[in-house]
Amino acid sequence: DGIDRFYSNPTSQGLFMLLASGTEEKRNLLVGAGAAKDKLDPADEFKLMFERLPPDERDSILGEMGYVQRPTAPSDPDLPITSVFDLESVFSDPAPVSYLIEPEIPEKAVVYLAGVPESGKTTLAYAWGRDLVAKGHAVLLLDRDRNPRSVIRDLLHRLGVKADPLFSVWDSQQKSQPPQPDSPAVIDWVRWILEDTGKPPLVIVDSAISFLLPGEDENSSRDIRALFNRCRAVTDAGGSVLLLHHPGKGGDLRGSSDFAAAADQGFIVTNSPEGTHRLSRLTLKVHKTRYALNEDLVYNYDGGKMVRAERACGETAGADGSGTPNHDTTGKMTELLRCNPGIGSNQFESIAHKGGVPHNQARKFLKAG
């Protein structure tokens, strides 16, 4: 039947074994009951040896001898892991990655948008919120960046966002300042939304550094990890988090390098043409991903719309808001070469980018000949 464990009985001499068959039957091996022995019986020696071993080593030795039945993964995922063999539960649910917005915001993920002022990251975040609400998801905006309420209201109006119980704004002009992502108020809201709608919500944090606690430093990896741990409380409850952030002087992320390391996915946002104080074409350069996303994304802003270029219903919007046929990307770049004989690679990438082709695709096209 296989032996589960050995044990002693104070009222009877000998070594007892509990079977692993699940029955209550117990057997014992009596060695010279009541008789004195000058030399220990092998079974007693075995018992004494096991008493000297730590409990975890006992199970290991019995397992190598074939006397212990290996445990299976617990049927209840909420049960604690008690054995390395329980880890097979990792593969028990082969469900693919689910997204709130594919491929930008996976479910139960922490994602960041980083960009200079007027790059369009806030407008894009609000537009994503608008689109999610239209699909029945709830959105909570936590704004500690002290944006004037009139600016928030104007931006929402331009994007066509109307008063909706699924879109909540907690700004710095409320009776209490926006709470941390892991506050009971936010976590209870996430759980209530999941129970009420059956759809995971999105929490927008604007901006990341304004949610650092007193004494925390954006250049400290420990403090940045603490911030992300507070965001992870939302993902543990079933929601996703979108962090708005700023780049540093060198174009990389501001603060500790752990900001990118701790996130699930992140983008650097630029507006083209830059410096015009007017949103036109937003490029999302993939800065960090755990989901094998390897192509930059392009959004076109036109009359309150924020539409990803490759999904613009039969058209690709130009930088001036006009629409052009959405041809195959390769055919578009081939035609671009025909019309510009002798063009340099940098010029080609720039012109292709203005036509809606990400820089990396234009670069790969040239390298492929």
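Reader: What does R290 count as by relative accessibility?
Author: R290 counts as partly exposed, at 46% relative accessibility. Buried means under 20% relative accessible area, exposed means over 50%, and partly exposed is in between, with a 1.4 Å probe and protein chains only. This is a predicted model, in which local features need pLDDT of at least 70 and side-chain atom pairs count only at pLDDT 80 or more, while totals for chains, interfaces and linings use all residues. Residues are numbered from 1 along each chain as its sequence is written, and side-chain values use heavy atoms, leaving out hydrogens and water.

Reader: Which side chain meets R290 in a salt bridge?
Author: That of D264, with an N to O distance of 2.6 Å. A salt bridge here is a side-chain nitrogen of Lys or Arg within 4 Å of a carboxyl oxygen of Asp or Glu. The pair links distant parts of the chain, 26 residues apart: R290 is in the loop between β12 and β13 (297-302), and D264 in the loop between α7 and β11 (265-272). Helices (H or I, at least four residues) and strands (E, at least two) are DSSP runs, numbered from the N terminus.

Reader: And D264, buried or exposed?
Author: D264 counts as buried, at 6% relative accessibility. D264 and R290 also belong to a network of salt bridges with R232.

Reader: Why can such side chains pair?
Author: Because side chains of opposite charge can pair when their charged atoms come close.

Reader: How many salt bridges in the whole structure?
Author: The search finds 12. One of them joins the side chains of D258 and R225 at 2.8 Å, N to O. That pair also links distant parts of the chain, with D258 in helix α7 (residues 258-262) and R225 in helix α6 (residues 221-237), 33 residues apart. D258 is buried at 17% relative accessibility, and R225 is partly exposed at 36%.

Reader: What about D131 and R130?
Author: Their side chains meet in a salt bridge too, at 3.0 Å, N to O. D131 is partly exposed, with a relative accessible area of 30%. R130 counts as buried, at 18%.

Reader: Changing topic. Which residues touch the most other members of the largest nonpolar core?
Author: L113, W128, V203, L242, L243 and L284, in a core of 67 residues. A nonpolar core is a set of buried Ala, Val, Leu, Ile, Met, Phe, Trp, Tyr and Cys residues joined through side-chain atoms within 4.5 Å. Helix α3 (residues 121-134) gives the most to this core, with 7 residues. A second, separate core of 7 residues includes F348, A352, V357 and F365.

Reader: What is L242 in contact with?
Author: Leaving aside neighbours within four places in sequence, the contacts of L242 are V111, Y112, L113, A125, W128, L202, V203, I204 and V205. Contact means heavy atoms within 4.5 Å.

Reader: Where is A127 found?
Author: In helix α3. A127 is buried, with a relative accessible area of 0%. Not counting residues up to four places away in sequence, A127 touches L159 and M306. The C-alpha atoms of A127 and V161 are separated by 8.4 Å, and the two residues are 34 apart along the chain.

Reader: Which side chain does R281 join in a polar contact?
Author: The side chain of N300, at 3.2 Å. A polar contact is a pair of N or O atoms within 3.5 Å; within protein, one must be able to donate a hydrogen and the other to accept it, and residues adjacent in sequence count only if both atoms are side-chain atoms. R281 is in strand β12 (residues 281-289) and is buried, with a relative accessible area of 1%.

Reader: Where does S172 lie?
Author: In the loop between β8 (167-170) and α5 (184-197). A polar atom of the S172 side chain lies 3.2 Å from the backbone oxygen of D143. Beyond four places in sequence, S172 touches D143, R144, R146 and P178.

Reader: Last one. How many helices and strands in the protein?
Author: There are 10 helices and 16 strands. Of the 369 residues, 42% are buried.
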